[in-house]
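I opened my notebook for a first look at this protein. Here is what I looked up, entry by entry.

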Amino acid sequence: MTESKKREPQPGMNPADYWSFAEMAARRIAEELDDIDSVATKLIITLNRAANLVVYDLESTVHRPRGMSWAAFRVLFVVWLAGPIESGKAAKFAGMSRAAVSNLTNTLIGKEYLVKEPSEADGRTTLLRLTEAGVEYARSAFAEQNAQEARWASTLTDVEQQLLVMLLEKLISQRGKAGARLRD
């Protein structure tokens, strides 16, 4: 097959249609490689797509109109619920790198949503704490976000929601069996 033919869309595939892409990807992978677990591939592709859709929706409908990113909200959310907290622990709870939290901390301090303060237990340790404006932002943004979360969840029955949570928790708790690398 020539290079130009490889770049042409596959017959019957709408390039803008994700499900067409997923089906085409499964066929192409099966053609290219032997001994592939196509169900595992479809699971991870679908999980990634679902997570990206939800995150994009929440960021574009709730946080960007408020001048905030999804990542910055995650830091505020963790500090709101667990703070005052060391930035390393905030990074772990938010599922982010320490460097990302450090960069976002500076932005959030500039917006007057967050302050750094020395720990009373250990003068060398710095804690992140929300300001009153940060608490108000976290509360109001989360209330708006939760309304959108509820709309997403309403597409499933109560039992389906509980089952999906159970399955995702199982996938996460068994990550060691997959040899998954974890963020420090």
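**The sheet**

I began with the sheet: three strands form an open one, in the order S1-S3-S2 and with antiparallel pairing (strands are DSSP runs of E with at least two residues, numbered from the N terminus; two strands pair if DSSP finds at least two bridges between them). I then followed S2 to strand S3 (residues 126–130): five bridges join them in the antiparallel sense. Across from Leu127 in S3 I found Glu117.

**Ground rules**

I noted that this is a predicted model, in which local features need pLDDT of at least 70, side-chain atom pairs count only at pLDDT 80 or more, and totals for chains, interfaces and linings use all residues. Residues are numbered from 1 along each chain as its sequence is written, and side-chain values use heavy atoms, with hydrogens and water left out.

**The whole chain**

Read from the N terminus, the order is α-α-α-α-β-α-α-β-β-α-α. The radius of gyration, taken over C-alpha atoms, is 21 Å, well over the 16 Å that the globule rule (2.2 Å times the number of residues to the power 0.38) gives for 184 residues, so the protein is more spread out than a compact globule. Its C-alpha atoms fill a box of roughly 65 × 40 × 35 Å along the principal axes.

Notes: Helices (H or I, at least four residues) and strands (E, at least two) are DSSP runs, numbered from the N terminus.
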